[in-house]
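Open the model in your viewer and keep the selection tool ready. The stops below follow one another, and each begins with something to select.

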Amino acid sequence: MKELQHLNKYFYKYRKQLTIGIIITIIARIFLLFTPRLIRESIDAVVDYEEGIITEKSVLKAELLENILLIIGAAIIAGILTFLMRQTIINVSRYIEFDLKNEVYQQYQRLSLNFYKSNRTGDLMNRISEDVGKTRMYAGPAIMYSINTLTLFIIALVYMFNVAPTLTMYTIIPLPILSVIIYRLSRAIHKRSTIVQEYLSKLSTFTQESFSGISVIKAYGIENPTNASFSVLSNESKQKQIDLTKVQALFFPLMLLLIGISNLTVIYIGGKQYMSGEIASIGIIAEFIIYVNLLTWPVATVGWVTSIVKQAEASQKRINEFLSEEPAIQNLNENPTPVKGSIEFKNVKFVYDDTNITALNNVSFSVNQGETLAIIGKTGSGKSTILDLIGRLYDTTSGELLIDGRPIKEMNLVDLRKSIGYVPQDAFLFSDSIKNNIKFGKQKASEDEVITAAKNAAVHDNIVDFAKGYETILGERGITLSGGQKQRVSIARAIIKQPQLLLFDDCLSAVDTETEEQILNNLYAISQNTTTIIVSHRVSSAKNADKIIVLDEGKIIQQGTHDSLINIDGYYKELYNKQLSEKEI
Ligand code: ADP
Ligand code: MG
């Protein structure tokens, strides 16, 4: 139960609704329990008439009519109250589910990149959907049925003991057994349905992959083997489903059996007691049969509720572990620290924790505000890592990174990130309109600003060629942009922000050199005061930069300007000559 204490704050938040729900539940049960007594009185009245204790038929009729009306009245009131009970308690559980989902989602946004690297997307999704759902079952149904069972049980037992104590004892003996059996059954059902779920997700992964890769499957002519693998998987899935249904099918027959046994006990023991005069009337037997039937379902839910609570506990444990996770990157300064734009690396070393790869070693360079720095180097030389460090997606392992002369950790993280326009190596666009994808950089941007940004990124002409222009939807159900178009849309997204720092991570790789030049010229015109870092493997991107550094295996091997570097033997000159002959420049 310790794990579930996390939810107490929510119970406190909704304490009013919960209290009302509990009171309604109790009143509803009281009304429900009027019925058995009224039935006993009716039967006893009939017996009394038979035995001549009641002589007038009209008296009997009047008494029966009164009882019938009372039963109907009590049933209606109990029904309405039960409806209200569900409305309050189940609604509270939905509110709690909503709050908890938001809490989990906010934590997702808070956590740093390395968390996402060490967790699978599927698990992350599960935590927000399945785990929270299980927890809700505890916050709503489990609590409702517990209160329900408890009040019903206490009130019924008081009534029953008052009428016939010994008979009561006999009647309730089978109930705990019922409870245990249902608990066992619920657990078995849960186990098997988890397996069924696993198979369902395997099946959907398999089908999804074959749909996405349908062209590969057809091109290689492997439809038949693929079908065969699918049948194996779906057969296994079917078998698991049958296993589940087998246990589920036991549920109701078992309930009925136990209710039957309780009924027989009441009739047998009650009959004997009536004959020996231990109980006063036949009506009591009828009354008790109704009690037994009223009690069976709630008692059965004890077992069910126990298994819900157990599952909720396991889910909440996972949620708690995750909520207590602290982001690796913390904002250490809440005061505003607007960024002007100079950057300095001093002997920076960076090691990726998980792989132990030293991505940067002893890197020192500086860029003044408004300058353009180009970083050239082979794949894996550490170029992207430099940009990640500037955005503080990671902290340096050793050495210092200064922004405007201050250690980056002393900058307000929100201000820092606000001042950066970052274009990642693999342009990521959301399944939304092109316009919204560009506006992502500046939510309140006007139509004109969007168009200007797109023009500067040299993608405007492509966009207006689409039938729906800027409203074109991207992604699975929309249009697929070419690599170069994607890169340019994400460049537009970065420049619309008019940031102090522009970070381009090899984002012109899929653009031809002519367009590249056009974009770089536009950039030069609009970002006189912007510090720009352009990562590339092409000399053409670096030509006009104020400074160029060449990285290899995490170290700076050359630095200077284009003119100085093409005159010195080294990587830059080799690259220049190679790309010159390939006419890439
Ligand atoms: P570049 O951008 O120049 O291609 P990176 O900065 O991406 O190089 O990578 C530098 C080195 O760090 C490479 O050896 C790469 O394998 C490693 N690396 C990059 N990203 C990660 C990561 N997220 N986790 C572990 N190692 C990484
Ligand atoms: Mg890279």
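**Stop 1: ligand 1**

Select ligand 1 and the shell of residues around it: helix α12 gives the largest share of that shell, three residues. Helices are DSSP runs of H or I with at least four residues, strands are runs of E with at least two, and both are numbered from the N terminus. This is a predicted model, in which local features need pLDDT of at least 70 and side-chain atom pairs count only at pLDDT 80 or more, while totals for chains, interfaces and linings use all residues. Residues are numbered from 1 along each chain as written, chains are lettered from A and ligands numbered from 1 in the order written, and side-chain values use heavy atoms, without hydrogens and water.

How many residues surround ligand 1? There are 15, and the closest are K117, G380, K383, S384 and T385; a residue counts if one of its heavy atoms lies within 4 Å of the ligand. By type, the shell has four nonpolar, seven polar and four charged residues. Here Ala, Val, Leu, Ile, Met, Phe, Trp, Tyr, Cys and Pro count as nonpolar, Asp, Glu, Lys and Arg as charged, and the others, Gly among them, as polar.

Now show polar contacts, meaning pairs of N or O atoms within 3.5 Å. Oxygen atoms of ligand 1 lie 2.4 Å from a polar side-chain atom of T385, 2.7 Å from a polar backbone atom of G380 and 3.1 Å from a backbone N or O atom of G382. On its own, ligand 1 has 550 Å² of accessible area, and the protein covers 74% of this (Shrake-Rupley method, 1.4 Å probe).

**Stop 2: the magnesium ion**

Select ligand 2. Which atoms coordinate this magnesium ion? They are OG of S384 and OE1 of Q425, at 2.0 to 2.4 Å. Donors are N, O and S atoms within 2.8 Å of the metal (3.2 Å for Na, K and Ca); water is not among the atoms, so sites may look incomplete.

S384 sits in α12 (residues 383–390) and Q425 in the loop between β6 (420–423) and α14 (434–439), so the pair ties together parts 41 residues apart in sequence. Q425 is partly exposed, at 41% relative accessible area (buried is under 20%, exposed over 50%, partly exposed in between; 1.4 Å probe, protein chains only).

**Stop 3: R538**

Select R538, in the loop between β8 (531–536) and α19 (539–542). Is R538 buried or exposed? R538 is buried, at 7% relative accessibility. The R538 side chain reaches the backbone oxygen of L508 at 3.1 Å.

Notes:
Polar contact = N/O pair within 3.5 Å; in protein donor to acceptor, adjacent residues only side chain to side chain.
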